[in-house]
Amino acid sequence: MSPEPRPAPRIKAWRAVARCVGTSCVMLANRRVHLPKGQVGRMLRFADGSTARVYRETAVDRQPPGEPCVLVVSFRLRLVRGRAHGFFEAESILNTPLFVGFPGFVSKLWCAHDTFGAYRGLYEWDGPARAEDYAAALWRVLELVSVPGSISYKVLPGLHRDEVLADPARMPTTAEPDHSWWRLLSPA
């Protein structure tokens, strides 16, 4: 895995996204994609001082991950203000085929724009390298609609999403709080 998050080369990224969309269509047709409600409405606190509401969860039918990891992705949308955030939350379901078919996908919590205007995805993935490949490809999709310089991701190997939701202290800490946008804190 790369030490600094960065985008995949464009051709590689768009080929991966195209393969993902094909796989996603098959998964959707076979009803292997689900929208659980258990986490919807939950407020998450992050180490950068922001909070965000979970507005959707997506999960797929699959075996438990052999190499679990948590992936946190963050970005700020261009030109989305006020009521447009609600529209984005509603229409973002259409983005599902852009990620559920990537190898290793387990689940995603969709976080509404936080107190600083950033959206986050909190994923569980099977395999840190697969999570890294997905995030680097996703970057190319997000750069089309995001504020330049606002896209970032963090891969946290060895963790299950539900473990860190139950006990955020399982996530690593950092001495630089402004670089901890990805780290969950216990609810207030």
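Tutor: Happy to! Let us begin with the names: helices (H or I, at least four residues) and strands (E, at least two) are DSSP runs, and they are numbered from the N terminus. Keep in mind that this is a predicted model.

Here is a quick try with those names. Arg-31 is found in the loop between helix H1 and strand E1, which covers residues 33–34. Arg-31 has a positive phi of about 55°, although it is not a glycine. Its relative accessibility is 69%, so Arg-31 counts as exposed.

Now to the rings. The structure holds 12 aromatic pairs. Take Phe-105 and Trp-125 as an example: their ring centres are 5.4 Å apart and their planes meet at 80°, so this pair is edge-to-face. The cut-off behind that word is an angle of over 60 degrees between the planes. Phe-105 belongs to strand E5 (residues 105–111) and Trp-125 to strand E6 (residues 119–126), so look for them 20 residues apart; the pair links distant parts of the chain. Both Phe-105 and Trp-125 are buried.

A further edge-to-face pair is formed by Trp-139 and Tyr-153, with 6.2 Å from centre to centre and 85° between the planes. This pair also links distant parts of the chain: Trp-139 is in helix H3 (residues 128–142), while Tyr-153 is in strand E7 (residues 152–157), 14 residues apart. Trp-139 counts as buried because its relative accessibility is 15%, and Tyr-153 counts as buried because its value is 4%.

One aromatic cluster is formed by Tyr-55, Phe-99, Phe-102, Phe-105, Trp-110, Tyr-123, Trp-125 and Tyr-134. Over the face of Trp-110 you will find Arg-56, at 4.9 Å from the ring centre. Over the ring of Phe-99 sits the charged end of Lys-108, 4.6 Å from the centre of that ring.

The structure holds 1 cavity of 30 Å³ or more, and the largest cavity has a volume of about 50 Å³. Its lining is made by Arg-42, Met-43, Leu-44, Arg-45, Val-164, Leu-165, Pro-168, Leu-184, Leu-185 and Pro-187. Strand E2 (43–46), helix H4 (161–166) and strand E8 (184–185) are the elements that give two or more residues to this lining. E2 gives the most, with 3 residues. Sorted by class, the lining of the largest cavity has 8 nonpolar, no polar and 2 charged residues.

Conventions:
Residues numbered from 1 in each chain as written. Predicted model: local features only at pLDDT ≥ 70, side-chain atom pairs only at ≥ 80, totals over all residues. Heavy atoms only, no water. Phe/Tyr/Trp six-rings, centres within 6.5 Å; stacked < 30°, edge-to-face > 60°. Buried < 20%, exposed > 50% of the residue type's maximum accessible area, 1.4 Å probe, protein only. Lys NZ or Arg CZ within 6 Å of the ring centre and 35° of its normal. 1 Å grid on protein atoms, 1.4 Å probe; cavity = no way out; pocket = protein on both sides within 12 Å on 5 of 7 lines; lining within 4 Å. Points joined across faces, edges and corners; volume = space filled by probe spheres on them. Nonpolar A, V, L, I, M, F, W, Y, C, P; charged D, E, K, R; others polar.
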